[in-house]
Amino acid sequence: MRLAIDCFKLVRGAGKSIGIYNLALNLVRELASRRQTDELIVLGNARNRKDFDIPRVRFIEIRKDPLSRITCVLWELFEVSVYARRLGADKVLFPRGYASMLHLTREAVIIHDMIPFYYHENYPGYFNRLENFYIMWRLKASARRADDVITISEASRRDIVKYARVPAERVTVINNGYNPISGKDYREPEEAYILAVTSALPHKNAAGIVKCYEQYCRAVDNPLELRIVGIDDSSPFTSDAGVAQRITCIKFIEKNEDFYQLIYGARVFLFLSLIEGFGFPPIEAMQLGTAVICSDASSLPEVAGDAAVYVDPGEHAAAARALADLLADDARRGQLREKGFDNIKRFSWDRTGERYREVLFR
């Protein structure tokens, strides 16, 4: 069997697709490492050749600009299907969630989430309406037309069934795999702190994190400092100058090692997202032995399992109490640490890769 994987649009550091980029890269590596008689073709670009042009993969560089919006629209809608057919591909995998409109070969699509529909319902107008409508239309069309529909959590499968109106049995759940991180590489911090990860996007709930922290500061005598990765300023979310002084915002961390050091050194990891297709940050915290408090929403309970304390991300006072209680309970944090190490075993790339092979090469 000849499988083509459409990685043309993937550029590391461009747009919001770092998670999709990493999934595609790990998947290509995993398929190439186990492949026997099947042929693996990657349709890439000059910017990602250094990552995807690996042994046992036929890498084809598409000589177009992957950062041009119109180029990518035409490629995804029409050109990739024609190109794959010329190559004699038996199936094409689309890791970004958008299958071709021509359907000239069998197609598999990975739909990570249906968050554009969430914004349409809860934050209308936050994104360009025409662009968001186009994305919603493409997701629905891809889910309905693809031969294999893959998603990364049961929560995302429920959303695909709801919004694309496809039978649940047509959607296969394959959880993301994680890249191992060892806490042995990091050092203990000089002072205790709480760490939160978010972004400026409303569904990442930076406002909820700050409001939870405000309530926590009012409830205890000596509150720990809060460090937030993903935003550059907490002032839009708090009017309490005393609380603001205890918050350090870090918009972007260039090196993974620096990010992991922050996670490793935190007393508690706080993740209060409102919706996630999967939610990697709690898994990263568990790998590094940091106790997790996260939302009870969307995919997070199925991903974090019994290794996290769950809170309603809209109930700031209750979340603050949970935070204060966990910080004061060394034994509970130790229990969560051990449960976290067990929980992440469910997401090994050996298991994830095997599930993809079962679907893609059947």
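Two strands pair if DSSP finds at least two bridges between them. Strands (E, at least two residues) and helices (H or I, at least four) are DSSP runs numbered from the N terminus. In this predicted model, Leu93 stands opposite Ala108 in β5. Local features need pLDDT of at least 70 and side-chain atom pairs count only at pLDDT 80 or more, while totals for chains, interfaces and linings use all residues. Residues are numbered from 1 along each chain as its sequence is written, and side-chain values use heavy atoms, with hydrogens and water left out.

**Seven-stranded sheet**

- An open sheet of seven strands runs in the order β3-β2-β1-β4-β5-β6-β7, with parallel pairing.
- The edges are β3 (58–61) and β7 (171–173); each has a single partner strand, so one side of each is left without a neighbour in the sheet.
- From one strand to the next, the twist averages 20 degrees (angles run from 0 to 180 degrees between N-to-C directions, and axes are lines fitted to C-alpha atoms, for helices over the stretch in contact).
- Four bridges join β4 (residues 91–94) to β5 (residues 106–110) in the parallel sense.
- Helix α1 (residues 18–34) lies across β1 (2–6), β2 (39–44), β4 and β5, at about 155 degrees to β2; contact means heavy atoms within 4.5 Å.
- Helix α14 (residues 349–360) lies across β1, β4, β5, β6 (148–151) and β7, and runs at about 165 degrees to β6.

**Six-stranded sheet**

- An open sheet of six strands has the order β10-β9-β8-β11-β12-β13, also with parallel pairing.
- Here β10 (247–250) and β13 (309–311) stand at the edges with a single partner strand each, so one side of each has no neighbour in the sheet.
- The twist in this sheet averages 20 degrees from one strand to the next.
- Strands β8 (residues 193–197) and β9 (residues 225–229) pair in the parallel sense over five bridges, and the bridge partner of Tyr193 in β9 is Glu225.
- Helix α9 lies across β8, β9, β10 and β11 (268–271), at about 130 degrees to β8.
- Helix α10 (residues 280–287) also packs on the sheet, where it touches β8, β11 and β12 (291–295), and its direction makes about 170 degrees with that of β11.

**Helix pair α5 and α6**

- The axes of α5 (residues 129–145) and α6 (residues 154–164) come within 10 Å and cross at roughly 100 degrees.
- The two helices α5 and α6 are therefore roughly perpendicular (65 to 115 degrees; under 35 is roughly parallel, over 145 roughly antiparallel and the rest oblique).
- Lys140, Ala143 and Arg144 in α5 meet Ile160, Tyr163 and Ala164 in α6.
- This contact of α5 with α6 has four nonpolar, no polar and two charged residues (Ala, Val, Leu, Ile, Met, Phe, Trp, Tyr, Cys and Pro count as nonpolar, Asp, Glu, Lys and Arg as charged, and the others, Gly among them, as polar).

**Cavity and pocket**

- On a 1 Å grid over the protein atoms alone, a cavity is a set of points where a 1.4 Å probe fits but cannot get out; a pocket is an open set with protein on both sides within 12 Å along at least five of seven lines, and lining residues have an atom within 4 Å of a point.
- Grid points are joined across faces, edges and corners, and a volume is the space filled by probe spheres set on the points.
- The whole structure has one cavity of 30 Å³ or more; the largest cavity holds about 60 Å³ of space.
- Residues lining the largest cavity include Asp6, Lys9, Trp75, Phe94 and Arg96.
- The second largest pocket holds about 280 Å³ of space.
- Among the 15 residues that line the second largest pocket, Glu188, Tyr264, Ala266, Arg267 and Gly289 lie nearest its centre.
- Helix α13 gives the largest share of that pocket's lining, three residues.
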